[in-house]
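These are my notebook entries from a first reading of the structure shown below. I wrote each one after looking up a single topic.

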Protein chains: 2
Amino acid sequence: MLGNAPPCPPERLEAHLRERGILPTRQRLRIARVLFAKPQHLSAEQVLALVNREAPPVSKATVYNTLGLFARKGLIREVIVDPSKVFYDPNTRPHHHFYNVDTGTLTDVDPEAVSLGRLPSPPEGTVTEGVDVIIRIRNG
Amino acid sequence: MLGNAPPCPPERLEAHLRERGILPTRQRLRIARVLFAKPQHLSAEQVLALVNREAPPVSKATVYNTLGLFARKGLIREVIVDPSKVFYDPNTRPHHHFYNVDTGTLTDVDPEAVSLGRLPSPPEGTVTEGVDVIIRIRNG
DNA sequence: GTCAGTGCAAACCCTTTGCAGAAAG
DNA sequence: CTTTCTGCAAAGGGTTTGCACTGAC
């Protein structure tokens, strides 16, 4: 297995949010705790369920707003592989994904295992923001 | 410019559908004609609008069903880059995309310009179905 | 005549928004 | 005290579904 260390230890979460200019409220910290517990890929729905395993419940709107905020501020990365939902990845370093279309599961690709040769330069007047490589797999 | 030849000439469309086991009905042919007119990336909504520039109108449900059918049968490729809509690409050969997050526009990457080095082997019990490389760009 | 395809409208589901109340600084 | 965040419920928007009608073979 690779990368099983939590992307951000619980005791650093508050500082981590502040560094990015995010006010660390109760709800945001609880959401961050779930996201950064370990390397994983959660949908908004899953985050909502995990956060609300303990009372008091956090509302759906707050979870969606917070995930959007974290992504905009660069704390987490949105992974778009399924038209029906977005996944959130606490690992913001460049890396790629396997997407199992049968199970709907997202897995990190060992960065060592890919050599993503030369990239094309973006069209005139645009700049590259990021590169997503998604390897679609199915149960063989 | 690259790849401006229609992916499938109009007169071959009917045969093309039959080869894939798709009954070429009036509506399906009209949808295919729009998709295969030239290399492009259309959303379901755009296909609907283009098809219905001439009467009689094709219903929304038929467009969605047909696009799903074509994709399942391998005539076109679904490109998932935006959580809010799916794009359909008549070019089913392996190739990659620029996605302009400002304009929501999808562009083909010149295949010559990318060298997609070594790919990792898929996890045990799975087979690779395809690889999507999406280069997210924004207006610089 | 039988089976598949089509059209319409309603249902679905993830996500976003509006607004009043609560909490942070 | 001011500004920001939260919660609720309702709205939004792309996509899917149910079912009766039509058309293909």
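This is a predicted model: local features need pLDDT of at least 70, side-chain atom pairs count only at pLDDT 80 or more; totals for chains, interfaces and linings use all residues.

**Entry 1, around DNA strand C.** I then looked up which part of the DNA faces the protein: of the atoms of DNA strand C within 4 Å of the protein, 80% belong to sugar or phosphate, and the rest belong to bases.

In the side chain of Y64(A), an N or O atom is 2.8 Å from a phosphate oxygen of DNA strand C. For S59(B) a backbone N or O atom lies 3.2 Å from a phosphate oxygen of this DNA strand, while for S84(A) a backbone N or O atom lies 3.4 Å from a sugar or linking oxygen. Which elements give two or more residues to the surface near DNA strand C? They are α4 (60–72) and β3 of chain A, together with α2 (26–35) and α4 (60–72) of chain B. The most comes from α4(A), which gives four residues to this surface. Sorted by class, I recorded nine nonpolar, six polar and five charged residues near DNA strand C.

**Entry 2, a sheet in chain A.** I followed β3 of chain A next, and found that three strands form an open sheet in the order β1-β3-β2, with antiparallel pairing. The edges are held by β1 (42–43) and β2 (77–82) of chain A, each of which has a single partner strand, so one side of each is left without a neighbour in the sheet. Between β2(A) and β3 (residues 85–89) of chain A I noted four bridges in the antiparallel sense, and in this pairing V79(A) stands opposite F87(A) of β3(A).

I then turned to the contact between the two protein chains, which takes 37 residues from chain A and 37 residues from chain B. The two chains bury about 3,200 Å² between them, and 59% of that area is on carbon and sulfur atoms. I looked up the charged pairs and found four salt bridges between the chains; one of interest to me joins the side chains of R138(A) and E129(B), at 2.9 Å from N to O. The polar contacts between chain B and chain A come to 13 residue pairs, counting pairs with both residues at pLDDT 80 or more.

On the side of chain B that touches chain A, the elements that give two or more residues are β2 (77–82), β4 (97–100) and β6 (126–139) of chain B. The largest share, 14 residues, comes from β6(B). By class, that side of chain B divides into 20 nonpolar, ten polar and seven charged residues. I also checked how β6(B) meets its partner in the other chain, and found that it pairs with β6 (residues 126–139) of chain A in the antiparallel sense over 13 bridges, with T126(A) opposite N139(B).

In chain A, a cis peptide bond joins A55(A) and P56(A), with omega about -5 degrees, and P56(A) is found in the loop between α3 (44–51) and α4 of chain A. In chain B, the bond from A55(B) to P56(B) is cis, with omega near -5 degrees, and P56(B) lies in the loop between α3 (44–51) and α4 of chain B.

Terms used:
Residues are numbered from 1 along each chain as its sequence is written. Chains are lettered from A and ligands numbered from 1 in the order in which they are written. Side-chain values use heavy atoms; hydrogens and water are left out. Two strands pair if DSSP finds at least two bridges between them. A residue is near a molecule or strand if one of its heavy atoms lies within 4 Å of it. A polar contact is a pair of N or O atoms within 3.5 Å; within protein, one must be able to donate a hydrogen and the other to accept it, and residues adjacent in sequence count only if both atoms are side-chain atoms. Ala, Val, Leu, Ile, Met, Phe, Trp, Tyr, Cys and Pro count as nonpolar, Asp, Glu, Lys and Arg as charged, and the others, Gly among them, as polar. Contact means heavy atoms within 4.5 Å. Buried area is the accessible area (1.4 Å probe) that two parts lose on being put together, summed over both.
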